[in-house]
Amino acid sequence: MEAKKIAVLTSGGDSPGMNAAIRSVVRTCAYLKVECVAIYRGYQGMIEGDFKVMDARSVNNIINKGGTILKSARCDEFRTKAGRKKAYDQLISEGIDAFVVIGGDGSFTGAIKFNEEFDFPVIGIPGTIDNDIFGTTFTLGFDTALNTVVEAIDKIRDTASSHNRLFFVEVMGRDVGHIALNAGVGAGAEEILIPEESLGLERLLESLKRSKASGKSSSIVIVAEGDKTGESVFGLKDYIEKHLPIYDVRVSVLGHMQRGGAPSCYDRVLASRMGVKAVETLLEGKSNLMVGIRDNKIILTPIVEAIKGHTKIDKELIRVSDIMTV
Ligand code: ADP
Ligand code: F6P
């Protein structure tokens, strides 16, 4: 069945580029003369009927904005069958017959359950800074987050080198090390600790000893949030201070500043391309697919595949990083 009234929502953690994707979905609907409705506060707003009819002008001046104008929410009620039934009733009473969800794997899991129960057409757009969704080389917000992290580390480097210090910088990445690895290479980090490759405390120690012996006076070690080398980034500091007292160690946890800010040009273009594809795919009568990008081509992957696993870490980049820290 061809969709006639398409809804769009953002769900889960916000990421830069979500607004550009909302804009793209709304404008593609306007271009193709399909009605479009925004759902506020993710699945919570779907359950409560928090809807607003959108036209091309409703999304003026948002392409450059971080966060999401539709707000995002984590909604436990949607995890229940009763909650999803309420959401379905709201969509039907508004005449909505398909939706585009911009979010991460949790949001996609919810969308698939909803589709299974109500045979309701859904398309996903991957929006998360972690870049942890299978079926796309880049998720929306990843590129922006990398630029934010590199800029922050460049600043930390000033203090590291002025005071001959060792800095542990914790970056986001709940289960994966994509931000740590890419930003680490981009910022010239000495070591990069990611959950996919456990370096171990002994090897970290050896590496830092080697680095001192090779004449480096300051160092930056990037630690992905999900890495398990130490108990925490502060535990790493304690360990190194105990075993290598020659180092003056500091910790910097970058936190949520990585998730905010104006999207990079790459994320804006990616969001625009993904939004067009999402609407066109629904209008072709397709469902349960996630829009992604590979080899600079917009592709579709079944959502069930996308949520099964994570994009693998780039081993070649790990090798490059090792060579750079000679
Ligand atoms: P993300 O989409 O960024 O991974 P979450 O994991 O928090 O973020 O998921 C966002 C929302 O998706 C949840 O608050 C919930 O409403 C819905 N969701 C997540 N997992 C499920 C599930 N197993 N069943 C139904 N809904 C889910
Ligand atoms: O998934 C994106 C992310 O920013 C992770 O890197 C981080 O672990 C998590 O979300 C934090 O989520 P919140 O602060 O929204 O609970």
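Predicted model: local features only at pLDDT ≥ 70, side-chain atom pairs only at ≥ 80, totals over all residues.
Residues are numbered from 1 along each chain as its sequence is written, chains are lettered from A and ligands numbered from 1 in the order in which they are written, and side-chain values use heavy atoms, with hydrogens and water left out.

Let's start with the sheet. Four strands make an open sheet in the order S7-S8-S6-S9, and the pairing is parallel. Helices (H or I, at least four residues) and strands (E, at least two) are DSSP runs, numbered from the N terminus, and two strands pair if DSSP finds at least two bridges between them. In general, strands of a sheet pair through backbone hydrogen bonds, either parallel or antiparallel. At the edges sit strand S7 (191–193) and strand S9 (248–253), each pairing on one side only. From one strand to the next, the twist averages 20°. Look inside the sheet and you'll find S6 paired with strand S8 (residues 219–224) in the parallel sense over six bridges; Val171 stands opposite Ala224 in S8.

Now for the helices on this sheet. H7 packs on it and touches S6, S7 and S8, with its direction at about 165° to that of S7. Contact here means heavy atoms within 4.5 Å. Axes are lines fitted to C-alpha atoms, for helices over the stretch in contact, and angles run from 0 to 180 degrees between N-to-C directions. Helix H8 (residues 233–243) lies across S6, S7, S8 and S9 and runs at about 175° to S9.

H7 also brings us to the salt bridges. The structure holds 19 of them, each being a side-chain nitrogen of Lys or Arg within 4 Å of a carboxyl oxygen of Asp or Glu. In H7 (residues 201–213), Glu206 and Lys209 sit three residues apart, about one turn of the helix, and their closest N and O atoms are 3.6 Å apart in a salt bridge. Glu206 is partly exposed at 36% relative accessibility, and Lys209 is partly exposed at 37%. As for the cut-offs, buried means under 20% relative accessible area, exposed over 50%, and partly exposed in between (1.4 Å probe, protein chains only).

Helix H11 (residues 315–324) holds Arg319 and Glu316, three residues apart, about one turn of the helix. Their salt bridge has its closest N and O atoms 3.0 Å apart. Arg319 comes out partly exposed at 49%, as does Glu316 at 42%. Elsewhere, salt bridges that share partners join Lys5, Glu35 and Glu94 into one network.

Lys5 is buried at 12% relative accessible area, whereas Glu94 is partly exposed at 27%.

Finally, the backbone. Most residues other than glycine have a negative phi. Asn164 isn't a glycine, yet has a positive phi of about 50°. You'll find Asn164 in the loop between helix H5 (142–162) and strand S6 (165–171), partly exposed at 40%. Asp295, also not a glycine, has a positive phi of about 50°. Asp295 belongs to the loop between strand S10 (289–294) and strand S11 (297–302) and is exposed, with a relative accessible area of 69%.
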